[in-house]
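Thanks for making time this morning. I would like to walk through one structure with you, chain by chain, and then turn to the places where its parts touch.

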Amino acid sequence: MSFFSATATVPQNPTFVSSNKLSFSLSSSSPSTSSFNFLSFPSSQSIFCKSITASSQIARAHAPPSPATTTTAASSFHGICYVVGDNIDTDQIIPAEHLTLVPSKPDEYEKLGSFALIGLPDSYTVRFIEPGETKTKYSIVIGGANFGCGSSREHAPVALGASGAAAVVAESYARIFFRNSVATGEVYPLESETRLCEECHTGDVVTVELEENRLINHTTGKEYQLKPIGDAGPVIEAGGIFAYARKTGMIPTR
Amino acid sequence: MASSLVPPPTTSFFHTKKDLSLSASSQRCQKHASRRVSCSIAAPQQTQRQPSTTGSVKTAMTMTEKILARAAEKEKATPGDNIWVNVDVLMTHDVCGPGSIGIFKKEFGEDAKVWDREKLVIIPDHYIFTSDERANRNVDILRDFCQEQNIKYFYDIKDLSNFKVNPDYKGVCHVALAQEGHCRPGEVLLGTDSHTCTAGAFGQFATGIGNTDAGFVLGAGKLLLKVPPTLRFVLDGEMPSYLLAKDLILQIIGEISVAGATYKSMEFVGSTVESLTMEERMTLCNMVVEAGGKNGVIPPDNVTYKYLEDKTSVPYEPVYSDQQASFLSEYRFDVTKLEPLVAKPHSPDNRALARECKDVKINRVYIGSCTGGKTEDFMAAAKVFLASGKKVKVPTFLVPATQKVWMDVYSLPVPGSGGKTCSQIFEEAGCDTPASPSCGACLGGPKDTYARMNEPQVCVSTTNRNFPGRMGHREGEIYLASPYTAAASALTGYVTDPREFLQ
């Protein structure tokens, strides 16, 4: 899916290690003492050290989404998956009663994560976040068509990211959810060639290989092709549109 | 009702269908250009008119492409292009404003100034009449920011006990934007709300964005947007007296599905559209996002200009699709053949005839929101109550979208009622007293939100979404319908075709 065309030059072959969470800290010292940190992560896990002034090497540390999940190889996500159906709308991802939480406030970001997918109907007997927990044990969400339809609330990809999910693999996406995922760098919105929501089951152990556009279901032993993320990849990988725009010279580096 | 106010236009701005297959630009996707989909009985032939006001047609473009090209200071914009677009108006509200401001401050600095204090419109509307402290704090954040930045258009509310003592307070942002003159033909409006597309009714490019994009616009005044291809919907025929624009958009969404227009622009033309009032046109464009659409757009005409006359002094320049512009698909509807519709739970494209659902017992009716809470929506509901002379059989909740709508409900005489207002008719019918204007229970909201669905009930609603949990309870069932159908259903306690009362 072409999202941002390369209207500015993208550094060639940026190497990046996989990250469940993508964030950035500006290398230049900022006058800002703001507590706002819209891509903030659990402080115990925050070790972001990307230098946007570096030419082509991007060093990034990643934060494991939860103790139950590990990310091993570069450019891949590994963990257990949570499977949902078609047209999972933003009210199911984060119900409106929780929208009073402001994602740019670190403590409220965390709280948003604890409500991720809480709006799914009771028919989902296995919940994305177990009662009493604040993080999910599922690092990959697998959905059907039109994932993220409905509201423009950025709280939706933020809630998924803050819960510990690293990627969504769906048959297709609603436009604003896809864009918000890219703009924030919170989750990788990957598209599958086939209806993986009927092939995989909640709890299956899966690996997503980003560079090979491949999803491996270790539980069933099957492999599936994913669609290349295209121009959106470098934006998510940079940590969102601000970081990407600065990196590529679209807006001045501070 | 809607059609009677507008003189029929003498001409139509587009040519016959045959011309649509001709693409002037070799860079266009020719293979898509001639695709047409007929959804109903063939419509009458369109009358032709000169391609006036479209300027040079060396590069044929749709309305949406033209607006984006101009805003990007480019000669042309082709679907798929990613271009930096200058923003004429950025709107945000209490749910997404604080987060957008947070990102703006983080990225541009604590002392940064917004790109233009007169182009930002901030409208608290979602969670207003609640004791939820965080919701109240979010409005405080907006107020502090507007004071700090000297924002010209901030529709504040301080006294929650009585909205009427807050002269600046409006209510639902999309309706307030129109009523306050912020929707102007040919401009670009971005908003942190998916129903920002409502403003396409004015021939404006209007779409919803997230907090991060809004934070970017706050500082830069522009945004990288992908130019969408356009689907064209030709609606012809005189609007039957029992239909409203809500029925038309439910018909279209049912036809193309909730993802049928994903990444695309939806352009509405035809004699029916030309006959619609501005509020009805807003209903049509409001729900394009329910089909996945990026924006909806209606060619401005005398109805548009008349509406804007006393609302804005800002000069604007409308644009129109060229005769030879490329459309991805064209859908044609003969409106005279349509019947009142509902969208059944739990998806806006789960279309059914209202009369097919007559055995569905309901617990409540809700009339409100940016989709179905405008003055004409309440007038339509009142018309049904008046025609029946009966009382409602289920609790019927009324939430005017804005303070202006609320005043209209209490002051405008309903035609044929002998001078009664909507509020009087609603009271006689046994409805709940019209509530304070806001987004209300359309999206559930905090637990103490008026008319929120706290039990797993069945509701007929004039709102826009019937996803699980949308109005509060995860197991609640929502039937989306026009104000006519909603009022008729209130009178029987079942989903009801309004023709039972209007004929």
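Let me begin with a question: of the contacts in chain A with a separation of 6 or more, what percentage is accounted for by residues 24 or more positions apart? Before I answer, please keep in mind that what you see is a predicted model. The answer is 72%, and that figure belongs to a chain of 254 residues, of which 57% are buried.

As for its secondary structure, chain A has six helices and seven strands.

Turning to chain B, we have 503 residues, 62% of them buried, and the elements here are 17 helices and 18 strands. Taking contacts in chain B between residues at least 6 apart in sequence, we find that 77% join residues at least 24 apart.

Chain B is also divided into two domains, with domain 1 covering 62-311 and domain 2 covering 341-502, and their centres, taken over C-alpha atoms, are separated by 24 Å. The contact between them involves 38 residues from domain 1 of chain B and 40 residues from domain 2 of chain B. On the domain 1 side, the elements that give two or more residues are helix H6 (173-179), helix H8 (245-256) and helix H10 (278-286) of chain B, and the largest share, six residues, comes from H8(B). By class, that side of domain 1 of chain B divides into 15 nonpolar, 15 polar and eight charged residues.

That leaves the contact between the chains, where 48 residues of chain B meet 47 residues of chain A. Which elements of chain B give two or more residues to the side that touches chain A? They are helix H4 (97-108), helix H5 (133-149) and helix H7 (211-220), and among the elements of chain B it is H4(B) that gives the most, with seven residues. The side of chain B that touches chain A is made up of 17 nonpolar, 17 polar and 14 charged residues.

One remark on how to read these counts: the size of an interface is often given as the accessible area lost when the parts come together, whereas what I have quoted for the two chains is a number of residues in contact, 48 from chain B and 47 from chain A.

Conventions: Residues numbered from 1 in each chain as written. Chains lettered and ligands numbered in written order. Predicted model: local features only at pLDDT ≥ 70, side-chain atom pairs only at ≥ 80, totals over all residues. Helix = DSSP H or I, 4+ residues; strand = E, 2+ residues; numbered from the N terminus. Buried ≥ 20, exposed ≤ 12 C-beta atoms within 10 Å, placed from the backbone. Contact = placed C-beta atoms within 7 Å. Domains from an automatic or database assignment. Nonpolar A, V, L, I, M, F, W, Y, C, P; charged D, E, K, R; others polar.
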